[in-house]
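Subject: A structure for you to look at

Hi,

I am passing on a structure that I have been looking through. Have it open while you read, and my notes will follow.

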Amino acid sequence: MKRTRNNRGIIVTLNGTSIKKGFVLSFIGFMLIFLLSGALTSLKPEYQISSKSINDLTKGISGQSFIHLLGFENRYFIQDLAEEAKPPSISSIFFKAATSINPQDPRSLLGRELPGFTLFDTEILVAGEGTNYTTMPIESPPPTEVLLEEREASIADLNDLNKQPENSVEPPIASTGDRKIVYIYHTHTTESYLPLLKGVTEPNRAHHSEANVTLVGDRLGKSLQEKGIGSNVDKTNFMKKLNEKGWKYSQSYSMSRQTVETAMTSNKDLEYIIDIHRDSMRYNVTTTDIKGEKYAKIAFIIGGKNPSHDQNIKMATELHKISEKKYPGMSRGVLLKNSEGSNSLYNQDLNNNAMLIEFGGVDNNLEELYKTADAVADIFSDYYWQAEKVDAAQETEKK
């Protein structure tokens with residue numbers, strides 16, 4: 001019996017055209033990836049994708065919206081949300097991510113289209129009485145000629161200013177001794193107040209080489225000393241130094257930074273740094289009445305470009321809370337500035353206890369400013385001595 005064996009095999013037909021197409025598509029794909037990678041890595045640092053970029057992209061999305069998004073995958077996340085909480089608009093989220101425009105905040109569009117509008121790009125971290133997005137502190141650079149000229153007879157009688165009543169207080173219970181732990185300076189040194197100047201009515205011309213924010217700094221320093229807190233008041237005229245070096249007004253903080261760094265190096269006891277400024281807002285925004293007396297309002301400004309600004313925020317928030325208890329309405333709150341139109345660093349990266357405080361506005365007089373300086377010294381004293389007690393208690397526990 002003869003067996004016949006049939007060999008069966010698989011016949012594969014290859015189409016040359018299909019191979020060519022696949023090769024071409026693969027090559028194009030690799031080239032696109034290569035070009036895209038090159039483009040991303042060659043971008044300037046500020047345009048490259050980073051964790052900060054992702055953070056900036058998502059920080060406008062509320063926490064409630066994130067919880068709703070997580071709830072699409074796991075219903076457990078949304079069980080504690082309030083019944084009235086509505087799911088986020090997916091189209092709105094994608095529109096915001098793609099255009100950086102928030103439909104609920106017109107500033108996100110106007111800030112990029114109108115010259116100078118980004119100066120108002122300030123975030124209210126802690127709102128004080130009357131603080132909203134229409135009453136933000138304004139950093140108003142003076143005209144160049146105002147910085148260059150030395151006006152005569154424009155200042156009110158300095159002798160009368162110096163006759164302002166001083167505080168009569170008892171000697172402090174506690175003291176820092178010879179240690180100067182607070183450093184006070186004035187980056188925009190010539191910022192002044194209209195009531196101190198004769199014949200000046202325009203807010204943007206409220207600048208003077210003598211009658212300016214250094215008077216407030218002097219008063220604050222003396223009041224701190226009376227509270228037993230050693231302080232050093234630096235009255236370097238940074239505007240004059242800018243003119244001498246031919247620097248622009250926008251470089252003011254770079255100029256003052258050099259002096260602050262020198263102060264920190266020469267004084268190892270220095271713990272707190274205060275930069276005193278004056279707001280350009282008018283009287284109704286920058287003044288409050290406390291028990292029948294007028295006080296210039298203050299505002300704590302935080303530089304958002306400082307990578308460790310959370311620490312500065314923490315201290316400013318504590319000072320605001322103490323102010324609300326002892327001098328309700330005096331603090332306008334804690335405000336975060338982080339826009340291309342402003343410095344948004346304010347030398348606060350040099351020290352976690354650095355702060356910029358706006359004292360009043362162009363219309364506040366010296367009596368109101370002095371009362372506020374005394375009140376700030378009182379507030380800071382409470383904060384400082386309480387912090388000292390906490391530190392002492394912690395040291396005792398360690399031992």
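Before we start, one term: two residues are in contact when they have heavy atoms within 4.5 Å of each other. Please also keep in mind that this is a predicted model.

Setting aside neighbours within four places in sequence, Met 330 is in contact with residues including Thr 288, Ile 290, Tyr 295, Ile 298, Ser 323, Thr 372, Val 376 and Ile 379. Met 330 is also among the residues with the most contacts inside the largest nonpolar core, together with Val 182, Leu 220, Phe 359 and Phe 380. That core has 50 residues, and helix H13 (residues 366-398) gives the most to it, with 12 residues. There is a second, separate core of 12 residues, and Met 255, Val 260, Ile 273 and Ala 354 are among them. As background, nonpolar side chains in soluble globular proteins tend to be buried together.

Now the overall picture. The protein has 13 helices and 9 strands, and 40% of its 399 residues count as buried. Of the contacts between residues at least 6 apart in sequence, 75% join residues at least 24 apart. The accessible surface is about 23,800 Å², and carbon and sulfur atoms account for 54% of it.

Next, find strand S7 (residues 298-303). How many of its residues are buried? The count is 6 of 6. Ile 298, Phe 300 and Ile 302 point one way from S7, while Ala 299, Ile 301 and Gly 303 point the other way.

With helix H12 (residues 309-326) included, S7 and S8 make a right-handed β-α-β unit. Strand S9 (residues 354-359) pairs with S7 in the antiparallel sense over 4 bridges, and in S9 the bridge partner of Ile 298 is Phe 359.

Is Thr 214 buried or exposed? Thr 214 counts as buried because its relative accessible area is 8%, and the cut-off is under 20%. Its side chain makes a polar contact of 2.5 Å with the side chain of Asn 212. Beyond four places in sequence, Thr 214 touches His 186, Thr 189 and Lys 235.

Enjoy exploring!

Definitions and conventions
Residues are numbered from 1 along each chain as its sequence is written. This is a predicted model: local features need pLDDT of at least 70, side-chain atom pairs count only at pLDDT 80 or more; totals for chains, interfaces and linings use all residues. Side-chain values use heavy atoms; hydrogens and water are left out. Helices (H or I, at least four residues) and strands (E, at least two) are DSSP runs, numbered from the N terminus. Buried means under 20% relative accessible area, exposed over 50%, partly exposed in between (1.4 Å probe, protein chains only). Accessible areas come from the Shrake-Rupley method with a 1.4 Å probe; for residues, only the protein chains shown count as cover. A nonpolar core is a set of buried Ala, Val, Leu, Ile, Met, Phe, Trp, Tyr and Cys residues joined through side-chain atoms within 4.5 Å. A polar contact is a pair of N or O atoms within 3.5 Å; within protein, one must be able to donate a hydrogen and the other to accept it, and residues adjacent in sequence count only if both atoms are side-chain atoms. A crossover is right-handed if, with the strands pointing away from the viewer, the path from the first strand over the helix to the second runs clockwise. Two strands pair if DSSP finds at least two bridges between them.
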